[in-house]
Amino acid sequence: MQYRIVTDTVLPLAGAPFSEQTFTPVLPRLSQEGPLCPSPAQYRLACRSGAFNIILTAPAQLSGAYAAACAALAHNPAAAILDSRTFGAGQLLLAAYAAERAEEDRFSARILRDVQRRRGRIRCFFTAPDSTAAFVSHRKRPPLFPPFCFTVYTVGSEGEIRRFNTVSARSASDALFFSLRPYISHTKKIAVVHDRSPKAAQRLIARLSAVCGGHILCGESIRTDLPLGQGGFLSAAFFQTEE
């Protein structure tokens with residue numbers, strides 16, 4: 001049986017280990033308009049092929065995408081819906097793992113079990129230039145930082161946005177690198193996703209490559225209703241090694 005991975009927050013860039021047969025985003029292009037949650041009709045359209053579809057959605061507590069996917073495909077035997085509890089780089093990393101497992105094993109129940117387990121090992125960090133993420137991470141008001149100070153956020157185990165730390169750096173990509181560096185010396189699975197920040201993403205990829213030496217997946221965000229603000233974001237994710 002052929003498998004396809006469907007995502008709602010990320011579009012892999014050229015060179016990613018995906019093809020039209022193994023991957024399709026529910027929203028294929030960036031929009032210059034405001035954030036938008038995929039509708040049930042868009043999920044049905046994305047899953048029209050004869051393949052078995054593994055749908056990875058943004059966290060249910062941050063987005064209506066999971067509810068829309070369930071409304072569209074809950075009774076479709078050729079679709080399995082999974083709240084990825086992450087977005088951006090985290091979702092790209094999980095999609096890549098799901099595609100790898102689909103190539104190795106044609107038994108869908110086993111693939112879904114493994115994807116669910118691996119979901120809990122994703123560490124996703126991101127920067128967002130405006131104050132929306134600060135409000136969502138339970139701050140009463142946007143913090144005031146001097147120039148060249150950046151807030152780095154992380155995605156919790158249930159998909160919630162948490163403030164990770166504040167970093168003095170020349171750029172958001174440097175701040176993200178400094179936050180990631182203590183964790184990635186032994187990992188070969190890293191993903192970077194940007195929203196309207198291709199130069200920042202390339203700078204981050206170059207610095208990460210010098211440390212981990214492995215291939216880094218790169219992607220571009222597609223529109224969702226995630227509460228990250230209108231200024232774009234830069235995210236990076238990796239699989240935490242098992243203790």
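Helix α7 lies across β9, β10 (216-221) and β11, running at about 165 degrees to β9. Here the axes are lines fitted to C-alpha atoms, for helices over the stretch in contact, with angles from 0 to 180 degrees between N-to-C directions, and contact means heavy atoms within 4.5 Å. Helices (H or I, at least four residues) and strands (E, at least two) are DSSP runs, numbered from the N terminus. The model is a predicted one, in which local features need pLDDT of at least 70 and side-chain atom pairs count only at pLDDT 80 or more, while totals for chains, interfaces and linings use all residues. Residues are numbered from 1 along each chain as its sequence is written, and side-chain values use heavy atoms, with hydrogens and water left out.

Now for the sheet itself. Its 7 strands form an open sheet with mixed pairing, in the order β2-β10-β9-β11-β6-β7-β8. At the edges sit β2 (10-12) and β8, each of which pairs on one side only; two strands count as paired if DSSP finds at least two bridges between them. From one strand to the next, the twist averages 25 degrees. Strand β9 (residues 190-194) runs antiparallel to β11 and is joined to it by 5 bridges. Along this pairing, V193 stands opposite S235 in β11.

Next comes helix α6 (residues 172-180), which is largely enclosed by the rest of the structure because 7 of its 9 residues are buried. Buried means under 20% relative accessible area, exposed means over 50%, and partly exposed falls in between (1.4 Å probe, protein chains only). The buried residues of α6 are S173, D174, A175, L176, F177, S179 and L180. Their cover includes β6 (122-127), β7 (149-155), β8 (161-168), α7 (198-212) and β11 (234-239).

A salt bridge is a side-chain nitrogen of Lys or Arg within 4 Å of a carboxyl oxygen of Asp or Glu. D174 is buried with a relative accessible area of 1%, whereas R207, at 27%, counts as partly exposed.

In total, the structure holds 10 salt bridges. Another of them joins R101 to D114, with the closest N and O atoms 2.7 Å apart. It too links distant parts of the chain: R101 is in helix α3 and D114 in helix α4 (residues 108-119), 13 residues apart. R101 counts as buried at 10% relative accessibility, and D114 does at 13%.

What about the aromatic rings? Rings of Phe, Tyr and Trp (its six-membered ring) pair if their centres lie within 6.5 Å; planes under 30 degrees apart count as stacked, over 60 as edge-to-face and the rest as tilted. By this rule there are 11 aromatic pairs. Y97 and F239 make an edge-to-face pair, because their ring centres are 6.1 Å apart and their planes stand at 70 degrees. Y97 belongs to helix α3 (residues 89-104) and F239 to strand β11, 142 residues apart. Both Y97 and F239 are buried. Elsewhere, F87, F126, Y153 and F233 form one aromatic cluster.

A charge sits over a ring if NZ of Lys or CZ of Arg is within 6 Å of the ring centre and within 35 degrees of the ring normal. Likewise, R123 lies over the face of Y183, at 5.1 Å from the ring centre.
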